[in-house]
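Subject: Handing over a structure for you to look through

Dear colleague,

I am passing on a structure that I would like you to open and read alongside this message. Please take your time with the sequence and the view before you go on.

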Amino acid sequence: MLGGVYAISAVGLVLTYKASHIFNFAHGAIAYLVASCFYELNTRRGWSIGAAAVVSIGIIGPTVGLALWAVLFRRLTRATPTIKLVSTVGLFVAIPPATQFVFGDEQIFRAPGLAGDTPDIVNVLGTRLDADQLIIFGAALTVAVVLAIVLRFTGFGLSVRGVVDSQTMSELVGTNSKAISAATWAIGSFLAGLAGVLVAPIINLSPGSYAVFVIASFAAAVIARMESLTLAFGGALLVGVIQGLSVKFLPSSGILSQGIRPSIPFAVMAVFLLLYSNLGKEPSQPDPAGAAPRGPTHHRAPGDRPWWQRGTTYLAGAAILLLGPQLLDTFWIGIVAGGVALAIIFLSFTVVTGEGGMISLCQISFAGVGAIATAQLATEHGWPIGLAILVGGVIAMPCGMLVAMLAVRLGDLYLGLATLSFALLLDNIIFRIEDFDQVGAGVFLNRPAIGSFTFDSDERFYYLLLAVFAVLALLIANLRRSTTGLELGAVRSSETATATIGVSVVRTKLTAFTFSAFIAGIGGGLLATYRYLALPSDYNALLGIVWLAVVVTWGIRSPWGALVAGLALPVISQLVSDNLEPRYVLLTAVGFGLGAIGLAREPRGMLALQAQQLRGLAGWSRGRLARPTARSHG
Amino acid sequence: MSADPVATPAVSAPAAPALAVSAVTVRFGGLTALDAIDLDVAPATTVGLVGPNGAGKTTLFNVMSGLLAPDEGTVSLAGRDVNRLSPPARARRGLARTYQRSELFSELTVRENLVLAYRARRRRHHLTLDLLGLGRHHDAQEDATVDGLLDSLRLGDVAGQLADALPLGTGRLVEVGRALAADPDVVLLDEPSAGLDEHETELLADALRRARLGSTVAFLLVEHDVDLVLGLSDHVYVLDFGRCIASGAPDAIRSDPAVRAAYLGTEVES
């Protein structure tokens with residue numbers, strides 16, 4: 001049943017990947033957008049099913065695809081895999097809240113499909129199917145047949161296949177590759193929208209369930225190695241069938257079925273990723289005849305400013321952080337303290353993505369592991385909190401090492417998908433264990449204390465968190481200057497050359513991953529003690545994707561970026577909800593998504609851009625006011 | 001700067017070749033890219049490898065450095081079979097190389113490119129020490145080696161710049177510097193002079209000669225600049241369509257009719 005919808009969605013994904021080498025993380029967001037339109041038109045405004053379907057699936061879907069192509073994807077074709085990934089992650093974060101902002105964000109548990117509110121029941125070969133199910137089968141079959149015919153036998157199909165093989169060559173023989181790739185994005189979004197409307201009667205009409213549903217079709221795209229539409233189609237059906245069988249054969253209650261059934265697609269994805277990585281088959285490489293991918297230009301801030309300027313910045317930052325709370329009331333100190341706890345987790349992105357150059361979507365899971373371990377050790381076994389947090393970090397390390405050992409050999413995109421499936425598996429299985437989750441109540445946690453000196457006041461805890469942040473930031477700064485830091489820079493630049501000067505690429509990446517898991521684990525434990533609660537579902541994979549977007553917005557390369565990102569997330573949300581209507585809170589998420597898209601090319605993030613502008617301004621005024629000096633700005 | 005010709009090595013004992021390749025065959029599908037290649041590089045010599053485009057030179061380099069596993073044959077370093085060793089393990093046994101298309105560490109400075117190559121072979125480091133900032137002892141020998149190389153390649157002015165925006169010729173010299181910084185026993189040079197102007201080529205040749213002074217480092221040199229190869233090499237192999245069609249002293253190669261027909265004739269005249 002689900003298999004048919006997975007198939008439609010997976011075919012759309014693979015088609016756009018083939019034509020532009022962009023894996024659209026936001027495929028599910030588009031599905032959600034179109035399904036919401038359909039619901040709005042059909043259910044709320046009372047349009048007929050046909051009219052609503054034509055407008056939402058037939059017009060809005062492709063239009064969204066074309067618009068995204070025009071403003072974003074068109075420019076990304078030759079970017080590095082990391083930039084592509086971060087950009088579509090930004091869309092993933094931005095589109096659903098934007099949709100909710102327009103159509104309202106109340107919970108919709110039951111949305112009708114194309115068969116209307118009360119689908120007829122039909123008997124087919126002795127199986128009872130409702131009309132929705134029949135329509136899904138019909139639609140999947142039609143998509144398969146029509147695409148096969150178009151790609152095989154028409155001029156358009158020939159052009160698409162040409163662009164897939166080599167964009168540059170196709171352009172040389174006169175194909176308009178832009179028009180072709182625009183068309184594939186329109187088709188891809190149309191298919192996403194179709195899948196979105198078809199799946200509406202089966203799952204909740206909510207951003208979360210749509211994201212998870214489409215990630216399940218990522219599994220099919222992985223099976224197809226992003227190449228074969230036939231395999232994508234078959235793989236999707238396979239995932240659907242396995243899921244269907246699990247309903248039959250697993251007991252209907254208990255951890256087994258509740259945890260395992262939803263995670264089947266992610267398990268399938270993980271298995272195929274490992275299989276392909278051991279066979280040494282990477283996803284198809286970008287156009288060999290094309291220009292070399294344009295990477296983000298990493299510049300290192302130290303060195304282009306004299307020491308006293310940097311020193312002043314650090315001192316000013318430290319002064320604000322140390323004295324700032326004196327100006328705030330207790331409520332805001334609490335908010336800011338939570339921000340610092342988040343910032344500590346965000347430092348793990350600074351290490352794994354900023355230094356290691358890897359996109360990891362499971363940092364939040366390491367934080368969850370840290371939180372759970374802290375709660376178990378401290379609350380259930382009576383360990384001192386501080387020790388429990390530290391050990392929580394240590395327990396997260398082997399998790400990080402395990403993921404890294406399985407996944408770092410994969411290319412950038414597959415590494416992202418592997419870490420995502422790891423995070424979702426943890427969400428569905430480990431994080432649901434009764435002892436950890438307490439049926440959604442979580443485990444109570446105290447804050448640490450030194451003798452009779454407790455950190456129960458948010459102000460004291462703020463300073464403790466700040467101290468931990470400073471220590472970890474210092475460790476990262478040391479790392480960057482050390483031989484390991486040089487090795488990481490080398491791996492980011494050229495893996496081949498790194499290997500042939502005698503540095504193991506895998507070991508270097510493993511180091512970064514493991515250290516980042518330690519930081520995330522510590523941060524997760526601290527965040528849980530800040531909240532007095534370790535609730536595993538606070539550390540779910542989808543929130544982790546939002547976190548990545550936030551950190552990218554503010555700067556993935558420096559601890560300052562992590563700090564500002566950590567503070568910005570709760571502070572901006574609080575400011576908006578204090579001063580504006582509640583639904584405007586949705587727009588902050590949209591803002592972070594757009595921020596990630598806009599700044600994907602600038603790894604130093606917003607902070608660096610602003611610093612640059614400030615320096616530019618300062619330089620200008622110096623030039624105006626002071627006599628020009630001979631000192632060079634080398 | 002001593003000007004003595006280094007073409008006559010003073011090593012008397014016939015030690016195992018620094019690098020040896022025997023019967024290496026590589027097939028890509030139906031195409032035989034390398035066909036039973038045998039090649040020796042003795043310590044303290046420069047061996048040239050010439051051949052038209054597509055002759056298999058870069059493929060052979062990739063087999064030697066461990067990036068590509070041969071279908072048949074063995075690679076050995078100083079008499080030890082390294083077929084099963086990874087590229088980093090081979091590098092730590094003294095094999096270094098440069099690339100035809102720049103593979104510099106663009107996110108590191110020029111100096112850091114060399115420093116890392118130096119440390120990769122010599123210094124054990126540990127993450128915990130690195131995190132605590134204790135991993136950096138001042139190392140006079142490291143500074144001397146790296147700065148000496150930067151100086152001789154005239155890279156002192158760009159030492160502090162990131163290696164991503166260098167002019168082509170400068171980038172080539174950095175590649176060579178990085179290879180030499182590891183104090184290697186064998187260096188594979190993949191068209192090091194491509195894109196260099198005359199002055200830079202002279203610097204390069206000079207740096208290679210100097211590297212050989214008082215050292216047993218050996219070079220295997222792939223070049224299109226035939227005069228450069230024949231001028232620097234003690235021994236030359238000629239590849240064509242994956243086969244070794246001739247080998248011998250530079251003068252013998254220059255007059256070999258098969259070589260002239262396959263390659264040199266057209267090159268020399270053009």
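This is a predicted model: local features need pLDDT of at least 70, side-chain atom pairs count only at pLDDT 80 or more; totals for chains, interfaces and linings use all residues.

Chain B

Chain B has 270 residues, of which 46% are buried, and its secondary structure consists of ten helices and ten strands. If you take the contacts in chain B with a separation of 6 or more, 70% of them are made by residues 24 or more positions apart.

One element to look for is an open sheet of four strands, which are arranged in the order 2-1-4-5 with antiparallel pairing. Its edges are strand 2 (31-41) and strand 5 (80-81) of chain B, each of which pairs on one side only. Strand 5 of chain B runs antiparallel to strand 4 (residues 72-77) of chain B, and two bridges join them; B:Leu77, for instance, has B:Arg80 in strand 5 as its bridge partner. Helix 1 (residues 57-65) of chain B packs on this sheet, where it touches strand 1 (19-28), strand 2 and strand 4 of chain B, and its direction makes about 115° with that of strand 1.

Where the chains meet

The contact of the two chains takes 26 residues from chain A and 34 residues from chain B. On the side of chain B that touches chain A, helix 2 (87-92), helix 3 (110-122) and helix 4 (127-132) of chain B each supply at least two residues, and helix 3 of chain B gives the largest share, with seven residues. Sorted by class, this side of chain B has 17 nonpolar, eleven charged and six polar residues.

Two helices in chain A

In general, two packed helices are described by the angle between their axes and the distance between those axes. Helix 19 (residues 483-493) and helix 21 (residues 505-531) of chain A pack at an angle of about 115°, with their axes 10 Å apart, and these two helices of chain A are therefore roughly perpendicular to each other. The crossing of helix 19 and helix 21 of chain A is left-handed. From helix 19 of chain A come A:Thr484, A:Glu487, A:Leu488 and A:Val491, which meet A:Val505, A:Thr508, A:Lys509, A:Thr511 and A:Ala512 in helix 21 of chain A. The residues of this contact divide into four nonpolar, three polar and two charged.

With best wishes

How values were computed: Residues are numbered from 1 along each chain as its sequence is written. Chains are lettered from A and ligands numbered from 1 in the order in which they are written. Axes are lines fitted to C-alpha atoms, for helices over the stretch in contact, and angles run from 0 to 180 degrees between N-to-C directions. Angles under 35 degrees count as roughly parallel, over 145 as roughly antiparallel, 65 to 115 as roughly perpendicular and the rest as oblique. A crossing is left-handed if the near helix is turned anticlockwise from the far one by less than a right angle, and right-handed if clockwise. Two residues are in contact if their C-beta atoms, placed from the backbone, lie within 7 Å. Ala, Val, Leu, Ile, Met, Phe, Trp, Tyr, Cys and Pro count as nonpolar, Asp, Glu, Lys and Arg as charged, and the others, Gly among them, as polar. A residue is buried if 20 or more other C-beta atoms lie within 10 Å of its own, exposed if 12 or fewer, and partly exposed in between; C-beta atoms are placed from the backbone. Two strands pair if DSSP finds at least two bridges between them.
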